[in-house]
Amino acid sequence: MANSGRRARRAALALLTGAALAALLGGTAVAAPADAPPERIRSVTDVWMRDVAADVGLQPHWGNAIWASPDVRVCRTPVPCDVSTTVVVGATNYIKVELRNPGPYGSGTDSGILRFYRTDPGGGLVWPTAWTSVTSVTVVVPPGVTTVLVPWTGVPGPGHFELLAVWNSVDDPLPLLGPDTATNVRYNNNIAWRGVDSVVI
């Protein structure tokens, strides 16, 4: 009887300790989905983009707002903008991306393809059925930060829609993605998400 009382007290203490630790860590983290992909292992190289300003490339990443990546911006002119802007339907706009190298899972100069996808204004987010290919560009990414500026015609709207930047290379391959876009972004540091507004002028 005494042993079972001690076990009960130890279990209660463990529960309290866990709750206190969660409170100290902020208590606002998003729980991982039950069917989430496993955490990443090392690759040869690791080119990545931030989900939020404090992101350091670790997977999964639970910060918010992941739909406003500071490394993906839309600009109205070929002069790279420091803040993402409202883009113009029927005009040539530009997508600016900052690719970072190395990340925590590999190092070395990499060469791969940066692809862009968008949803329809007011559309869903299911991958890949709700996403339309915008354009792609081949990029060599040495150590440091590489800025890529891509012209963008065919901007939809007017309205609000979503834009994805997706890096893929032989040495830093993109894993099989699931239907949930938020999970894909959180578990892959080579995918970044930016909400976009478009207008007619």
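Val-137 has its place in strand E5, where strands (E, at least two residues) and helices (H or I, at least four residues) are DSSP runs numbered from the N terminus. The model is a predicted one, in which local features need pLDDT of at least 70 and side-chain atom pairs count only at pLDDT 80 or more, whereas totals for chains, interfaces and linings use all residues. Residues are numbered from 1 along each chain as its sequence is written, and side-chain values use heavy atoms, with hydrogens and water left out.

**Surroundings of Val-137**

- Val-137 is partly exposed, with a relative accessible area of 25%, on a scale where buried means under 20%, exposed means over 50% and partly exposed lies in between, for a 1.4 Å probe and protein chains only.
- Leaving aside neighbours within four places in sequence, Val-137 is in contact with Gly-112, Ile-113, Leu-114, Val-148 and Val-150, contact meaning heavy atoms within 4.5 Å.
- One of these partners, Val-148, is 11 residues from Val-137 in sequence and 8.9 Å from it in space, C-alpha to C-alpha.

**The five-stranded sheet**

- An open sheet with mixed pairing has its five strands in the order E2-E8-E7-E4-E5, two strands being paired if DSSP finds at least two bridges between them.
- The edge strands, each pairing on one side only, are strand E2 (87–88) and strand E5 (132–141).
- Strand E2 and strand E8 (residues 191–199) run parallel and are joined by two bridges, and the bridge partner of Val-88 in E8 is Val-199.
- Strands E7 and E8 pair in the antiparallel sense over eight bridges, and Glu-162 has Gly-195 in E8 as its bridge partner.
- Strand E4 (residues 110–118) is joined to E7 by six bridges and the two run antiparallel, with Tyr-117 standing opposite Leu-164 in E7.
- Strand E7 is largely enclosed by the rest of the structure, because seven of its 10 residues are buried.

**The cavity**

- The count comes to one cavity of 30 Å³ or more, a cavity being a set of points, on a 1 Å grid over the protein atoms alone, where a 1.4 Å probe fits but cannot get out.
- The largest cavity has a volume of about 40 Å³, the volume being the space filled by probe spheres set on the points, with grid points joined across faces, edges and corners.
- Trp-127, Leu-164, Val-166, Leu-174, Leu-177, Thr-181, Asn-184 and Ile-191 line the largest cavity, lining residues being those with an atom within 4 Å of a point.
- Strand E7 (159–168) and helix H2 (181–186) are the elements that give two or more residues to this lining.
- The lining divides into six nonpolar residues, two polar and no charged, where Ala, Val, Leu, Ile, Met, Phe, Trp, Tyr, Cys and Pro count as nonpolar, Asp, Glu, Lys and Arg as charged, and the others, Gly among them, as polar.

**Disulfide and cis peptide bonds**

- The structure holds one disulfide, defined as a pair of cysteine sulfur atoms within 2.5 Å.
- This disulfide is formed by Cys-75 and Cys-81, with their sulfur atoms 2.0 Å apart, and both cysteines are buried.
- The link of Cys-75 and Cys-81 is left-handed, with -75 degrees about the S-S bond.
- Asn-64 and Ala-65 are joined by a cis peptide bond with omega of about 5 degrees, and Ala-65 has its place in the loop between helix H1 (2–24) and strand E1 (72–75).
- The peptide bond from Gly-157 to Pro-158 is also cis, with omega near 10 degrees, and Pro-158 is found in the loop between strand E6 (144–152) and E7.

Conventions. On a 1 Å grid over the protein atoms alone, a cavity is a set of points where a 1.4 Å probe fits but cannot get out, and a pocket is an open set with protein on both sides within 12 Å along at least five of seven lines; lining residues have an atom within 4 Å of a point.
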